[in-house]
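Me: I am new to this structure and would like to go through it slowly, one question at a time. Please show it first.

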Amino acid sequence: PWIRSVVVDNTLQWQSNGPATFQQVPHVRGMTLRDALFLLENCGLQVIVQGNKAKRVRTQSIRPGTKAVRGNTIVIAL
């Protein structure tokens, strides 16, 4: 399962970030390029990668939680 960590009231919590939410753009910041590509491409998004491919995702051009529209382009910066 794909999950991500979030801080809520000074506690670390886990939230789903995977196949169950493929209708929405996932939160990929902090992920490796391989993991981010898997999630974004399975949402039907075209991915443009900027930066050093050995690093982790720093930014994404479409806000997480936005409706994923098949064929749209998202830019991720590493």
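Me: Which residues of the largest nonpolar core touch the most other members?
Reply: This is a predicted model, in which local features need pLDDT of at least 70 and side-chain atom pairs count only at pLDDT 80 or more, while totals for chains, interfaces and linings use all residues. Residues are numbered from 1 along each chain as its sequence is written, and side-chain values use heavy atoms, with hydrogens and water left out. A nonpolar core is a set of buried (under 20% relative accessible area, with exposed over 50% and partly exposed in between, 1.4 Å probe, protein chains only) Ala, Val, Leu, Ile, Met, Phe, Trp, Tyr and Cys residues joined through side-chain atoms within 4.5 Å. The largest one has 15 residues, and those touching the most other members are Val 25, Val 28, Leu 40 and Ile 76.

Me: Which element gives the largest share of this core?
Reply: Helices (H or I, at least four residues) and strands (E, at least two) are DSSP runs, numbered from the N terminus. Two or more core residues come from each of α1 (33-42) and β5 (73-77). The largest share, four residues, is that of α1.

Me: What is the strand order of the open sheet?
Reply: Two strands pair if DSSP finds at least two bridges between them. β3 and β5 pair in the parallel sense over five bridges, whereas β4 and β5 pair in the antiparallel sense over two bridges. The edge strands, each pairing on one side only, are β3 (46-50) and β4. With its mixed pairing, this open sheet of three strands has the order β3-β5-β4.

Me: Which residue of β5 is the bridge partner of Gln 60?
Reply: Gln 60 is found in strand β4 (residues 59-60). Contact means heavy atoms within 4.5 Å, and, leaving aside neighbours within four places in sequence, Gln 60 is in contact with residues including Ile 74, Val 75 and Ile 76. Its bridge partner in β5 is Ile 76.

Me: Is Gln 60 buried or exposed, and which backbone nitrogen lies 2.9 Å from a polar atom of its side chain?
Reply: Gln 60 counts as buried because its relative accessibility is 12%. The side chain of Gln 60 also has a polar atom 3.0 Å from the backbone oxygen of Pro 26. The backbone nitrogen at 2.9 Å from a polar atom of that side chain belongs to Val 28.

How values were computed. A polar contact is a pair of N or O atoms within 3.5 Å; within protein, one must be able to donate a hydrogen and the other to accept it, and residues adjacent in sequence count only if both atoms are side-chain atoms.
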